[in-house]
Amino acid sequence: MKQIRIFSGFILLLFLCSCTPATPPPRAEFRKAPYLIFTGQPNSMGVMWQTTSTPAQAKIEWGTDEKVSGGSVVVKEMPGKEQDHLFLHTLTNLASGTRIFYRVTVDGKTIASSFFTSPANPSGFSIYAVSDTQTNPSVHNKVMGAILKDIQLQPAARQTILLHGGDHISHGLYEPDWDTEYFNQGYTNVTSLLGSLPVVGALSNHLLYAAEEYVKVCSRPYASVYRKFFPYPMYASPEHFYYSFDYGPIHVTVVDPYTAEFQAGSEQYQWLQADLGKPARYKVVMMHQPAWSYRWSSYALRQHLHEVFKANGVNLVLQGHDHFYSRLVVDGIQYVVIGGGGGSLTYPDKFLTRHDDPADTEIMSTCVKVPFAPDPDLPKVNLVDPHSAARAHHYLRMDLAGDKLTLRVVDLDGKVIDCFPDGAVCPP
C-alpha cells in the first residue's frame with residue numbers, strides 16, 4: 001500500500017509539473033531606438049533599430065498623419081551576428097515635401113517619430129552639419145538640442161538631413177561605445193534627432209579604433225561596425241566609404257582617405273573626377289581630416305585633391321578632426337572645419353602649422369599610404385589672419401534661397417560665430 005501511495009504521489013507531481021506554464025522569455029527591448037538611414041533617393045527613407053534579443057514581433061507603421069494608416073509591415077531581423085538583432089525597413093514611393101509619421105513597435109513597446117521627404121521646393125531649404133561628436137555625449141546632446149530648436153522655427157524647410165564629418169564616437173570598432181556615446185537613449189535630444197533627421201557621415205580615424213586603445217585596425221572589412229550601423233546604399237565601392245548624392249540642387253561628395261588611395265590614377269581619384277565633373281548648382285565636399293586648417297591639416301589631401309576641387313567648381317569643403325571652428329578661403333573654395341560637435345575643445349592657434357611644411361601633416365591613422373612632397377604650386381594661405389576661428393561647440397547650417405547659398409555657424413548659446421560667403425547677411 002505504501003508503494004502505491006508513493007507511486008501515486010509521483011504521478012501527481014508529474015501532472016502538476018506538466019500543467020505549470022513555462023516562464024515566458026523576457027520581452028525584447030530597444031537597444032537602439034529607431035533612427036533614419038538616408039538612401040540618397042528623394043522619395044525613400046530607411047528606418048533602422050536594434051533590440052536586446054529576438055522579439056516575438058517587430059512592426060513598423062507609417063502614414064502622412066499621426067494615425068499612421070498608410071502602411072504596416074512586420075520586419076524580420078537582418079542577417080548578421082547572433083547578438084546583433086538589427087532591423088531595417090525602407091519606406092518607398094514617398095511624395096516630395098511630405099511629412100511622414102512612423103512608429104515602430106517591438107513586443108508591445110512603441111516609439112514614434114516623423115521626418116520630411118526631400119523638399120518640394122528645391123530652392124528653399126536648409127541642411128545642417130556637425131563633426132567630432134565623440135567623447136562627451138552630454139555636450140553632443142546639447143548640440144543636437146540646439147539643432148532641434150532651430151528646426152522647429154521652420155520644420156518644413158529645415159527638417160532635412162544632417163551631414164556628419166566623422167568621429168561619431170571614441171572607438172568605432174567597440175560596439176558598447178556606440179550604445180553609451182551615440183545611441184544612448186538617456187540623451188533624449190540625440191535620440192529625437194536620429195529618429196527625425198537622417199545622419200549622413202564620413203569615415204574617420206576614430207571609426208577604425210579598437211576598444212580602450214587608440215589603435216587603428218586595418219583588416220578587412222574596414223570599419224565593419226560603422227558600416228553595420230550605417231549601411232548607406234550610396235557607397236561607390238563595396239569595400240570603401242566614398243560616395244555622393246544630390247539633395248535638391250546641392251551635390252554632396254564624401255571622400256574616404258582612410259581605406260582608399262586618392263592620388264592621381266587611383267580608383268577613388270578617378271571616381272572623384274567623374275563625380276565632381278557632373279553639373280550641379282552647388283558642390284559640397286565632406287571629408288574628415290582637413291586639407292586646409294590651422295593644425296593637423298593634411299598636405300597629401302591638399303596636394304592631390306585641391307586642384308580637382310578647384311577645376312570642378314567645388315564651393316565648400318566640410319572638414320572635422322580639429323575640435324574647433326575655422327574657415328580658410330583657398331582659390332575661392334571655402335575650407336571649413338566644424339569639429340565642435342561634442343569632443344573636448346582645442347585652441348585653434350595653439351599648434352599653428354606651416355602649410356608649406358609636409359613633415360607634420362600626414363593623415364592620422366589612415367590605412368593607406370599616399371605619397372606627397374613639397375609642391376611649390378600649392379597656394380600660400382595666411383593662417384595668422386583667417387576669415388574666422390573659434391573655440392566653441394557649434395553646428396553649421398546651409399540655407400538655400402533661390403540661387404543663393406548662405407552658411408552660418410552657431411554656438412550653443414545661439415550666437416552666430418560666422419556667416420559667409422563674403423557679403424552674406426545672417427541675422428542673430
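Colleague: Why is Gln319 called buried?
Modeller: In this predicted model, Gln319 has a relative accessible area of 0%. Buried means under 20%, so Gln319 is counted as buried.

Colleague: Where does Gln319 lie, and what does Gln319 touch?
Modeller: Gln319 lies in strand E14, residues 316-319. Leaving aside residues up to four places away in sequence, Gln319 touches Met287, His288, Pro290, Ala291, Trp292, Tyr335, Val336, Val337, Ile338 and Gly339. A contact here requires heavy atoms within 4.5 Å.

Colleague: What makes helix H4 largely enclosed by the rest of the structure?
Modeller: Helix H4 covers residues 175-182, and six of its eight residues are buried, so H4 is largely enclosed. The buried residues are Glu175, Asp177, Trp178, Asp179, Glu181 and Tyr182.

Colleague: How do you know that E1 and E2 are paired strands?
Modeller: Two strands pair if there are at least two bridges between them. Five bridges join E1 to strand E2 (residues 45-51), so by that cut-off they are paired, and they run antiparallel. Within this pair, Phe30 stands opposite Thr51 in E2.

Colleague: Why are strands E1 and E5 said to stand at the edges?
Modeller: Three strands form an open sheet in the order E1-E2-E5, with antiparallel pairing. Strand E1 (30-37) and strand E5 (86-91) each have a single partner strand, so one side of each is left without a neighbour in the sheet. From one strand to the next, the twist averages 15 degrees.

Colleague: What makes E6 and E7 a pair, and what do they form?
Modeller: Strand E6 (residues 99-106) and strand E7 (residues 109-116) share eight bridges in the antiparallel sense. The cut-off is at least two bridges, so they count as paired. Ile100 stands opposite Phe115 in E7. E6 and E7 form a hairpin with two residues between them, and Asp107 in the turn has a positive phi of about 45 degrees.

Colleague: Which residues lie nearest the centre of the largest pocket, and how much space lies in that pocket?
Modeller: The largest pocket holds about 290 Å³ of space. Its lining has 16 residues, and Ala146, Asp150, Tyr395, Val410 and Gly414 lie nearest the centre.

Colleague: Which elements supply the lining of the largest pocket, and how do its residues divide?
Modeller: Helix H2 (137-151), strand E18 (394-401) and strand E19 (404-411) each supply at least two residues. H2 gives the largest share, four residues. The lining divides into eight nonpolar, two polar and six charged residues.

Conventions:
Residues are numbered from 1 along each chain as its sequence is written. This is a predicted model: local features need pLDDT of at least 70, side-chain atom pairs count only at pLDDT 80 or more; totals for chains, interfaces and linings use all residues. Side-chain values use heavy atoms; hydrogens and water are left out. Buried means under 20% relative accessible area, exposed over 50%, partly exposed in between (1.4 Å probe, protein chains only). Axes are lines fitted to C-alpha atoms, for helices over the stretch in contact, and angles run from 0 to 180 degrees between N-to-C directions. On a 1 Å grid over the protein atoms alone, a cavity is a set of points where a 1.4 Å probe fits but cannot get out, and a pocket is an open set with protein on both sides within 12 Å along at least five of seven lines; lining residues have an atom within 4 Å of a point. Grid points are joined across faces, edges and corners, and a volume is the space filled by probe spheres set on the points. Ala, Val, Leu, Ile, Met, Phe, Trp, Tyr, Cys and Pro count as nonpolar, Asp, Glu, Lys and Arg as charged, and the others, Gly among them, as polar.
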